[in-house]
Amino acid sequence: MTGERSLDDLDRALVRLRRLWSAPRSSIDDGGVAVDMSSILVIEACARGTEAGEDTTIRDIAAFTDTEHSTASRLVDRAAKAGLVRREPSPADARRTRVVLTESGRHTRQRATGFRLTWLTETLHQWPQDDVAHLAALLTRFADEVDRHGPPGRKPSPPPAN
């Protein structure tokens, strides 16, 4: 398979996979309560910040969701109204506001992660474990490059210093 053909096949596959994130049902059911996918992304951004030991700001959520600051602020407002996150002063800098998960937000993240992992298990159940591991490694590598390059049309970030 030529390099050009490989890129064409990759492009086609990525367009087909887009439906995973843009399906008509843009919410999940969390114990009888519909949660918008945008709120799931806000929750995930906050959880990852917490896991890294960092405050999560609107700027961080904008970067994670690849949206403008004003859009990210509206997404946080929606998630806060649903009781999934709250805004509070940063303990590191009182001039800054951080976004933190509520207990309900942590529960929703656990359910959403469980849902995704169950779906992946069902979808890949006939794949050899080595293939699943290889797919995970390649997708992680690809995601790292996408993070560095940004979406189409954006100038790439410089590579990290070693």
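These are my notebook entries on what I looked up in this structure, which is a predicted model.

**Entry 1: the chain as a whole**

I began with the secondary structure of the chain, and I counted seven helices and four strands. Reading from the N terminus, I wrote down the order of the elements as α-α-β-β-α-α-α-β-β-α-α. I then looked up burial and found that, of the 162 residues of the chain, 24% count as buried. The accessible surface of the chain comes to about 12,100 Å², and 55% of that surface belongs to carbon and sulfur atoms. For the contacts in the chain with a separation of 6 or more, I noted that 40% are between residues 24 or more positions apart.

**Entry 2: helix 3 and helix 6**

Next I asked at what angle helix 3 and helix 6 cross. Helix 3 covers residues 37–51 and helix 6 covers residues 103–123, and I found that their axes come within 10 Å and cross at roughly 105°. Because angles of 65 to 115 degrees count as roughly perpendicular, I recorded helix 3 as roughly perpendicular to helix 6. On the side of helix 3 the contact is made by Ile40, Ile43, Glu44, Ala47 and Glu51, while helix 6 brings Gly105, Thr108, Arg109, Ala112 and Arg116. Sorting the residues of this contact by type, I have four nonpolar, two polar and four charged.

**Entry 3: glycine 105**

Leaving aside the neighbours within four places in sequence, I found glycine 105 in contact with Ile43, Gly83 and Leu84. Glycine 83 is 22 residues away from glycine 105 in sequence, and the C-alpha atoms of the two are 7.2 Å apart in space.

**Entry 4: serine 38**

I also looked at serine 38, which is found in helix 3. With a relative accessible area of 16%, serine 38 is buried, since the cut-off for that word is under 20%. Not counting residues up to four places away in sequence, serine 38 touches Leu75 and Arg78. Its side chain is joined to the side chain of arginine 78 by a polar contact of 2.9 Å.

I then turned to helix 4, residues 58–65, and helix 5, residues 69–81, whose axes are 8 Å apart and which pack at an angle of about 100°. Helix 4 and helix 5 are therefore roughly perpendicular to each other. In my list for this contact, Ile58, Arg59, Ile61, Ala62 and Thr65 of helix 4 meet His69, Ala72, Ser73, Leu75 and Val76 of helix 5. By type, the residues of the contact of helix 4 with helix 5 divide into six nonpolar, three polar and one charged.

In the loop between these two helices I stopped at aspartate 66. Aspartate 66 is not a glycine, and yet I read a positive phi of about 55° for it. I noted this because most residues other than glycine have a negative phi. The relative accessibility of aspartate 66 is 43%, so I counted this residue as partly exposed.

**Entry 5: arginine 98**

My last question was which side chains make polar contacts with the side chain of arginine 98, a residue that I located in strand 4, residues 97–101. One is the side chain of aspartate 55, at 3.2 Å, and another is the side chain of glutamate 88, at 2.5 Å. Not counting residues up to four places away in sequence, I listed Asp55, Thr56, Arg86, Arg87, Glu88, Pro89, Ser90 and Pro91 as the residues that arginine 98 touches.

Definitions and conventions
Residues are numbered from 1 along each chain as its sequence is written. This is a predicted model: local features need pLDDT of at least 70, side-chain atom pairs count only at pLDDT 80 or more; totals for chains, interfaces and linings use all residues. Side-chain values use heavy atoms; hydrogens and water are left out. Axes are lines fitted to C-alpha atoms, for helices over the stretch in contact, and angles run from 0 to 180 degrees between N-to-C directions. Angles under 35 degrees count as roughly parallel, over 145 as roughly antiparallel, 65 to 115 as roughly perpendicular and the rest as oblique. Contact means heavy atoms within 4.5 Å. Ala, Val, Leu, Ile, Met, Phe, Trp, Tyr, Cys and Pro count as nonpolar, Asp, Glu, Lys and Arg as charged, and the others, Gly among them, as polar. A polar contact is a pair of N or O atoms within 3.5 Å; within protein, one must be able to donate a hydrogen and the other to accept it, and residues adjacent in sequence count only if both atoms are side-chain atoms. Buried means under 20% relative accessible area, exposed over 50%, partly exposed in between (1.4 Å probe, protein chains only). Accessible areas come from the Shrake-Rupley method with a 1.4 Å probe; for residues, only the protein chains shown count as cover.
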